[in-house]
Amino acid sequence: MHDYTDIREEVAKLCQQFPGEYWRAKDRARAYPTEFVTALAEAGYLAALIPEEFGGAGLPISGAAAILEEIQRQGCNGGACHAQMYIMGTLLRHGSDAQKAEYLPRIATGELRLQAFGVTEPTSGTDTLALKTTAKRDGDDYVVNGQKIWTSRAEHSDLMLLLARTTPREQAAKRTDGLSVFLVDMRAAVGNGLTIRPIETMMNHSTTEVFFDNLRVPGANLIGEEGQGFRYILSGMNAERLLIAAECVGDAKWFIDKASSYAKERVLFNRPIGQNQGVQFPIARAYAQMRAAELMVQEGLRKYEAGEAVGEEANIAKMLAAEASWAAGEACIQTHGGFGFAAEYDIERKFRETRLYQVAPISTNMILSFIAEHVLGLPRSY
């Protein structure tokens with residue numbers, strides 16, 4: 001598989017313009033890194049997956065993974081813009097020619113941001129088929145009512161990919177039928193049936209809850225066929241897990257590099273602390289975990305690009321990578337001792353940020369349930 005060395009080097013150069021001081025200031029203010037996202041867009045990285053005919057780079061998913069991994073490895077935070085990478089697939093695979101022509105060129109230039117993903121709800125969580133937000137046909141429009149939660153970047157996105165129920169669950173032919181995907185123009189929607197409320201969290205992730213009160217969405221904004229939305233979203237979830245896994249690998253590499261450098265430089269009792277096995281071993285183990293996760297990510301990307309079933313690899317990659325980044329963060333803090341908790345070292349910020357990925361976009365326990373049922377053939381647990 002292509003290693004994208006040239007792209008990684010250029011991404012690293014861009015990230016060097018946004019050092020730790022920049023991210024610490026954003027973290028303190030819980031502010032969106034607009035300048036960083038704009039720089040990525042202007043450099044074309046957020047258009048990586050958009051075909052060249054629409055102004056993008058036309059890269060495969062492995063290219064997007066390389067970009068996001070490098071962002072994290074350089075100490076930056078791709079969470080501010082990574083959704084555009086994995087949301088894009090739904091529009092590319094299932095959008096109409098008219099929708100692609102209307103939106104993709106402007107997304108490619110950065111004029112429009114496609115960052116908001118409206119799926120999770122307060123009462124259903126990861127039980128996507130139980131969502132209650134409805135979209136009812138009314139003439140040329142759909143009227144949307146309901147609520148979504150953990151809709152990150154909603155305040156900083158022009159477009160939202162929304163999953164809503166168009167057929168009552170009890171009337172659907174199959175349990176996976178009856179859900180539809182819409183592309184919502186949030187610029188027109190806010191104040192006209194769409195309300196956004198920020199949620200304060202332990203990391204600066206710009207997440208919100210959104211409320212729909214008779215929001216009218218043009219029928220032309222339905223993506224694909226009505227009632228088939230769950231299948232469209234599901235295919236994108238594997239891409240999401242692989243890309244998040246790549247980010248976690250990048251985080252792990254950042255932590256390991258940081259810990260290794262400090263262990264060689266910090267001298268106590270007339271010797272570098274890295275000479276002690278009690279310091280060496282956690283870092284070495286974290287490195288081994290990172291490499292194992294990295295290999296699973298690469299296998300998942302390979303199968304995804306080959307059009308093969310990739311559920312097993314995507315889920316395992318996400319789990320292993322999230323655990324590897326957390327272990328690397330733990331080793332990094334322990335190596336630095338008290339300095340690991342000092343904001344100026346950036347470790348505690350990255351530690352908080354990477355902890356998210358054992359919970360979202362899918363929790364470790366849900367992944368284990370998937371492996372048990374769909375890989376090992378054990379009885380369904382829920």
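A pocket is an open set of grid points with protein on both sides within 12 Å along at least five of seven lines, and its lining residues have an atom within 4 Å of a point. The close-up views below show a predicted model.

**View 1. The largest pocket and the residues about its centre**. The volume of this pocket is about 1400 Å³. Its lining is made up of 43 residues, and T126, M237, R241, P361 and I362 are the ones that lie nearest the centre. Two or more lining residues come from each of α8 (229-265), α10 (311-336) and α12 (364-375). Helix α8 gives the most, with seven residues. By class, the lining of the largest pocket holds 20 nonpolar, 15 polar and eight charged residues.

**View 2. The second largest pocket, with a volume of about 280 Å³**. This pocket is lined by 19 residues, and D3, R8, E69, E294 and Q298 are the closest to its centre. Helices α4, α8 and α9 (277-305) each give two or more residues to the lining. The most come from α4, which gives six. In the lining of the second largest pocket, eight residues are nonpolar, three are polar and eight are charged.

**View 3. The largest cavity, with about 100 Å³ of space**. W23, P33, N77, A80 and N204 are the closest to the centre of this cavity, among 13 residues that line it. Helix α2 supplies the largest share of the lining, three residues. The lining of the largest cavity divides into five nonpolar, five polar and three charged residues. The model has three cavities of 30 Å³ or more.

**View 4. Helix α3 (residues 34-42) and what covers its buried residues**. The buried residues of α3 are F36, V37, A39, L40 and A41. Their cover includes four other helices: α1 (5-15), α2 (20-29), α4 (61-73) and α6 (97-109).

**View 5. Residue G44, which follows helix α3**. The phi of G44 is positive, near 90°.

Technical notes
Residues numbered from 1 in each chain as written. Predicted model: local features only at pLDDT ≥ 70, side-chain atom pairs only at ≥ 80, totals over all residues. Heavy atoms only, no water. Buried < 20%, exposed > 50% of the residue type's maximum accessible area, 1.4 Å probe, protein only. Contact = heavy atoms within 4.5 Å. 1 Å grid on protein atoms, 1.4 Å probe; cavity = no way out; pocket = protein on both sides within 12 Å on 5 of 7 lines; lining within 4 Å. Points joined across faces, edges and corners; volume = space filled by probe spheres on them. Nonpolar A, V, L, I, M, F, W, Y, C, P; charged D, E, K, R; others polar.
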